[in-house]
Amino acid sequence: MTRYQKTRRALTAGAALLGALALSGPAHAADRTSIVAYGAHTRAQAVSYGANGAVRVCDVYPDGYGVAVRYYRRVGDRQTLYDSKGNGQCTETTDIQSNPIVLFTACVVIDSVDYCNTQYADTGR
């Protein structure tokens, strides 16, 4: 193989890599949802959205039970946010985009016991 062909191949590979980097935008986190369902009804819904700096938990069924969300930020221990406002109401954490939510799960609170979705939603952050 001639020196010219090696150089041309290296330039072609370099141009392809540069083009791929130029076309790829900044990484964005996707909206994620975690629910607790019993029977045919969703009882609690937790949502992390946008830059995933916050998570919101909503009571979505009029059963008289409270709801909660267990979550982890990038830095720190597990935290729990409770919502006992009743059906149709939501509670949200503080929006801290510098320490985003990385994992979270919805819970229903019955007699002071949290019954949570066993699978944590991963925000990709």
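Is Cys90 buried, partly exposed or exposed, and what is its relative accessibility? That was what I wanted to know when I opened this predicted model. I looked it up: Cys90 has 31% relative accessibility, so it counts as partly exposed.

**Entry: the partner of Cys90**

I checked what Cys90 is bonded to, and found that it forms a disulfide with Cys58. Reminder to myself: a disulfide is a covalent bond between the sulfur atoms of two cysteines. Here the two sulfur atoms are 2.1 Å apart. Next I noted where the two ends sit: Cys58 is in strand S3, residues 55–59, and Cys90 is in strand S6, residues 90–92, so the bond ties together parts that are 32 residues apart in sequence. I also looked up Cys58 for burial, and its 9% relative accessibility makes it buried. Then I read off the torsion about the S-S bond of Cys58 and Cys90, which is about 110°, so I wrote this disulfide down as right-handed.

**Entry: the other pair**

How many disulfides does the structure hold? I got two. Cys107 and Cys116 form a disulfide as well, with 2.0 Å between their sulfur atoms. The torsion about their S-S bond is about 95°, so I put this disulfide down as right-handed too. For Cys107 I found a relative accessible area of 0%, so Cys107 is buried.

**Entry: the pattern**

Last, I counted the bonded cysteines along the chain, and the disulfides follow the pattern 1-2, 3-4.

Conventions: Residues are numbered from 1 along each chain as its sequence is written. This is a predicted model: local features need pLDDT of at least 70, side-chain atom pairs count only at pLDDT 80 or more; totals for chains, interfaces and linings use all residues. Side-chain values use heavy atoms; hydrogens and water are left out. A disulfide is a pair of cysteine sulfur atoms within 2.5 Å. Helices (H or I, at least four residues) and strands (E, at least two) are DSSP runs, numbered from the N terminus. Buried means under 20% relative accessible area, exposed over 50%, partly exposed in between (1.4 Å probe, protein chains only).
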